[in-house]
Amino acid sequence: MENGGATTTTTSTITIKGILSLLMESISEEEEGKKRVISLGMGDPTLYSCFRTTQVSLQAVSDSLLSNKFHGYAPTVGLPQSRRAIAEYLSRDLPYKLSQDDVFITSGCTQAIDVALAMLARPRANILLPRPGFPIYELCAKFRHLEVRYVDLLPENGWEIDLDAVESIADENTVALVVINPGNPCGNVYSYHHLMKIAETAKRLGFLVIADEVYGHLAFGSKPFVPMGVFGSIVPVLTLGSLSKRWIVPGWRLGWFVTTDPSGSFKDPKIIERFKKYFDILGGPATFIQAAVPTILEQTDESFFKKTLNSLKNSSDICCDWIKEIPCIDSSHRPEGSMAMMVKLNLSLLEDVSDDIDFCFKLAREESVILLPGTAVGLKNWLRITFAADATSIEEAFKRIKCFYLRHAKAQDPTS
């Protein structure tokens with residue numbers, strides 16, 4: 001299962017936050033004093049002042065907190081009014097209506113991932129994960145004793161899922177395929193046609209789809225965002241999402257786990273009871289944050305979303321323009337959504353850099369620029385660049401990356 005530089009080395013011991021912390025620690029105080037640290041490694045847009053949440057969100061949380069009505073425990077599955085608001089919000093883009101009973105509120109999308117895998121775990125079960133992908137899935141799978149099987153994403157096809165590989169590695173013990181759209185870490189947005197083929201493949205092979213849509217609606221290219229739940233009548237879909245990215249509030253930890261399943265596969269009372277019992281042992285988001293959700297979802301003006309998309313599009317364009325100026329990195333696919341992109345390292349052009357991890361640590365120490373090595377997301381000798389940053393910081397970061405390249409570039413053979 002090798003493709004586009006994919007590595008068979010497991011990432012079960014690697015976390016994005018863990019490796020980024022190590023990169024930050026590698027920068028000496030002396031270097032920090034010379035240059036400000038620029039991180040294009042973490043998918044947290046709040047680090048930059050050009051990305052701020054809407055005033056509606058701030059006011060909604062403030063009103064909720066000051067009302068003195070939401071200091072107690074919420075129901076373990078979430079406040080009814082918040083579940084209902086999320087159902088209505090997601091239903092806007094679906095050919096059917098969700099109800100509040102389809103929605104379970106989680107502490108961010110990370111907890112929703114854990115819930116999904118916990119609900120699917122059983123002896124000998126396996127799950128299909130995209131590579132490159134989000135390493136939390138593998139970590140959760142290991143804790144749940146779910147076997148992980150990787151399906152490569154195809155950079156030459158806009159990071160589409162290799163459906164031929166799905167056919168070859170799935171078996172009677174496969175419980176789900178994870179689809180991340182818009183894509184993290186690749187910046188891709190899947191077409192309606194590709195998503196339909198995914199649904200049809202999953203139905204034929206007998207497993208459901210976990211749709212990670214934490215970057216839902218953050219699409220700024222030629223393809224609009226299409227929720228996987230549109231195809232819920234073909235195959236059962238578990239939709240995972242949050243306020244984190246679209247509303248630029250990752251620290252609020254407000255996510256959802258939703259059964260987008262008009263055929264009713266999850267309506268069995270035993271399944272619903274199992275969901276509820278599992279949520280009884282979880283701690284959800286703060287009650288006052290939950291209570292703000294209806295106002296946030298219903299009253300946020302479209303102009304806020306358009307401004308965010310314009311900023312992301314502009315930032316990604318700056319990255320792509322600079323990448324053309326630096327021979328040792330190459331992008332096969334222009335970002336169309338989310339907040340990150342993958343670029344391939346050409347180590348043959350570098351004198352003393354052994355791999356992507358070595359590249360990132362030397363870049364951090366020498367230039368105080370933080371990028372995520374591709375190994376952390378399943379692709380050795382690639383890099384993930386997060387472009388949720390202001391234009392000035394991106395320009396400065398790439399100037400330093402270019403200086404790093406020139407310093408480490410192999411000398412040209414005059415006889416060649």
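This is a predicted model: local features need pLDDT of at least 70, side-chain atom pairs count only at pLDDT 80 or more; totals for chains, interfaces and linings use all residues.
Residues are numbered from 1 along each chain as its sequence is written, and side-chain values use heavy atoms, with hydrogens and water left out.

Let me begin with the empty space. Rolling a probe the size of a water molecule over the atoms shows where such space is left. On a 1 Å grid over the protein atoms alone, a cavity is a set of points where a 1.4 Å probe fits but cannot get out, whereas a pocket is an open set with protein on both sides within 12 Å along at least five of seven lines, and lining residues have an atom within 4 Å of a point. Grid points are joined across faces, edges and corners, and a volume is the space filled by probe spheres set on the points.

The largest pocket holds about 600 Å³ of space. It is lined by 24 residues, and those closest to its centre are Lys17, Thr110, Phe134, Lys245 and Arg253. For the elements I use DSSP runs numbered from the N terminus, with helices being H or I of at least four residues and strands E of at least two. Helix 5 (108-120) and helix 1 (16-25) each supply at least two lining residues of the largest pocket, and helix 5 gives the most, with four. By class, the lining of the largest pocket has eleven nonpolar, seven polar and six charged residues, where Ala, Val, Leu, Ile, Met, Phe, Trp, Tyr, Cys and Pro count as nonpolar, Asp, Glu, Lys and Arg as charged, and the others, Gly among them, as polar.

The second largest pocket has a volume of about 200 Å³. Its lining includes Met119, Leu120, Phe266 and Arg274, and helix 9 gives the most to that lining, with three residues. Eight of the lining residues are nonpolar, one is polar and one is charged.

The largest cavity, with a volume of about 180 Å³, is lined by 19 residues, of which Tyr89, Leu90, Glu213, His217 and Phe225 lie nearest its centre. Strand 8 gives the most to the lining of the largest cavity, with four residues. The second largest cavity has a volume of about 110 Å³. Of its 13 lining residues, the closest to the centre are Pro130, Gly133, Phe134, Pro135 and Tyr150, and strand 3 gives the most, with three.

Now to single residues. Ser91 lies in helix 4 (residues 80-91), and with a relative accessible area of 3% Ser91 is buried, a word that here means under 20% relative accessible area, with a 1.4 Å probe and protein chains only. The side chain of Ser91 reaches the backbone oxygen of Ala87 at 2.6 Å. Leaving aside neighbours within four places in sequence, Ser91 is in contact (heavy atoms within 4.5 Å) with Tyr96, Lys97 and Leu98.

Finally, Glu138 is found in helix 6 (residues 136-143) and is buried, with a relative accessible area of 2%. Glu138 and Phe257 are 119 residues apart in sequence and 18 Å apart in space, C-alpha to C-alpha.

Conventions:
Buried means under 20% relative accessible area, exposed over 50%, partly exposed in between (1.4 Å probe, protein chains only). A polar contact is a pair of N or O atoms within 3.5 Å; within protein, one must be able to donate a hydrogen and the other to accept it, and residues adjacent in sequence count only if both atoms are side-chain atoms.
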